[in-house]
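Thank you all for coming; I would like to walk through some side-chain interactions in this chain, with the display open beside me. Please keep the sequence in view while I talk.

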Amino acid sequence: MANFEKLTAPSEGQRITFSDGNPVVPDHPIIPFIRGDGTGIDIWPATQLVIDKAIEKAYGKNRSIEWFKIYAGDEACELYGTYQYLPNDTLEAIRTYGIAIKGPLTTPVGGGIRSLNVSLRQIFDLYSCVRPCKYYEGTPSPHKKPQDLDVIVYRENTEDIYMGIEWESDDPECIKLIDQINNEIIPASQKLKNRKIPSGSGIGIKPVSKIGSQRHIRRAIKHALTLEGSKRHVTLVHKGNIMKFTEGAFRDWGYELATTEFRNECVTERESWILGNVEKNPHISYEENAELIDPGYSSLTEEKKKAICDEVCSVLSIIGSSHGSGKWKDMVMVDDRIADSIFQQIQTRPQEYSILATLNLNGDYISDAAAAIVGGLGMAPGANIGDKAAIFEATHGTAPKHAGLDRINPGSVILSGVMMLEYLGWNEAAKLITNGLSKSISDKQVTYDLARLMEPRVEPLSCSDFANSIVERF
């Protein structure tokens, strides 16, 4: 077992291990927690109370969590010394016990660690950031029908802008790189013809790999396989119309995965059109089918027409029997959408989407936009999941001016606890919490951030009283 400098692990409980990327969970797991900075002092005790009470009600003494306090952020510096924001004890505890949950952390100002959250994701290769955005009845929202939105954003966590490869405009390496690109690489490339990077530019590199994209999309598809009906749907979100070899590749690798590894469980949107056309008209020709799936078919060149007809023929010959006759309707639908259009569609047509698989930057924007529709970051949980570890966390900041006042909304960390329980396979306890939370909000028993937006305004509960209200409504 691990040797700690300043920590003592619980004497009771067992480790969570991993097999093929999935947790193997004992009945009494040891789970490290990071209280968090700022309002973490208020929201963590409320969260722990709700989780423990739910487990007790669901399983009696047959299951429990042995909590193990570890340190990060400002609280770590108090124990381990100045600038020890992420001590080795904390990393070793997560590495040993596999799963952790945390409150918000301060991002250090100045040099050193860019972000504690980013560092944890990179150290443990937590390649999928999972952000459910679901409405709880009674939550104040700027939208007329926030209940129509129920999506899970799968945001890739290790590549794209999170790789952090960039140079300042006056960095000698940056100047040298621009010179090399402008005078050597661009002139020798047909793809980059007549382009030139302006002098004085900062430079950033956006890496997107096949292995990184597919392991992330694989996890999204596996999640979709656990859902039912129209929610068995994964949308690949990208800006591939502009960034064809990064974002466009992400889309292409996603489709490749769906039509090879998950061939028996998935159908693409375009395949569903072809199969659906045959179901409506069993005697339809390849060319007639091609015209229906591509409205601009008549104006295409003969070569492009042939390519679409060949596509129709290929789909019907390969999956016509396995996916046809309506069988595809029970499979996971995989489609893709341009990133900017998704911002509009999650507001105007939210019922059409379930799981959004994205690269890093797009997922950051979309998850926060979706959270705003259903009540804001105070109600937005998050998880960072890899093959050998998982960390569940609040998605909001530390809000230090509210710290110690017992007034902040603990919903984000509580719902992250729900995600953790679901990840453990303890779904009965998870449902108790979501039921209690939903009923508390619909009864207008809420903290100040929600109370002030309700009409008419209601008297707010404290952070701790909101936790008790949830428990009372299990």
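Let me start with R35 and E75, which form a salt bridge whose closest N and O atoms are 3.4 Å apart; by salt bridge I mean a side-chain nitrogen of Lys or Arg within 4 Å of a carboxyl oxygen of Asp or Glu. This pair links distant parts of the chain, with R35 in the loop between strand 3 and helix 1 and E75 in helix 2, residues 74–80, the two being 40 residues apart. Helices here are DSSP runs of H or I with at least four residues, strands are runs of E with at least two, and both are numbered from the N terminus. E75 has a relative accessibility of 9% and therefore counts as buried, where buried means under 20% relative accessible area, exposed means over 50%, and partly exposed is what lies in between, with a 1.4 Å probe and protein chains only.

Before I go further, a word on the basis: this is a predicted model, in which local features need pLDDT of at least 70 and side-chain atom pairs count only at pLDDT 80 or more, while totals for chains, interfaces and linings use all residues. Residues are numbered from 1 along each chain as its sequence is written, and side-chain values use heavy atoms, with hydrogens and water left out.

The structure holds 26 salt bridges, and one of them joins R63 to D27, with the closest N and O atoms 3.6 Å apart. Because R63 sits in the loop between helix 1 (40–59) and strand 4 (66–70), and D27 in the loop between strand 2 (22–24) and strand 3 (30–34), this pair ties together parts that are 36 residues apart in sequence. R63 is partly exposed at 23% relative accessible area, and D27 is likewise partly exposed, at 41%.

Another salt bridge is formed by R155 and D364, where the closest N and O atoms are 3.5 Å apart. R155 belongs to strand 7 and D364 to helix 12, residues 360–373, so this pair ties together parts that are 209 residues apart in sequence. R155 counts as buried, at 4% relative accessibility, whereas D364 is partly exposed, with a relative accessible area of 27%. As for shared partners, R35, K69 and E75 are joined by salt bridges into one network.

Now to D160: is this residue buried or exposed? D160, in the loop between strand 7 (150–156) and strand 8 (165–167), is buried, with a relative accessible area of 0%. Its side chain reaches the backbone nitrogen of L361 at 2.9 Å, which falls under polar contacts, that is, pairs of N or O atoms within 3.5 Å; within protein, one must be able to donate a hydrogen and the other to accept it, and residues adjacent in sequence count only if both atoms are side-chain atoms. Leaving aside residues up to four places away in sequence, D160 touches I205, K206, P207, L359, N360 and L361, with contact meaning heavy atoms within 4.5 Å.

Finally, S189 lies in the loop between helix 5 (172–185) and strand 9 (203–205), and at 19% relative accessibility S189 counts as buried. A polar atom of the S189 side chain lies 3.2 Å from the backbone nitrogen of K191, and the side chain of S189 also reaches the backbone nitrogen of L192, at 3.3 Å.
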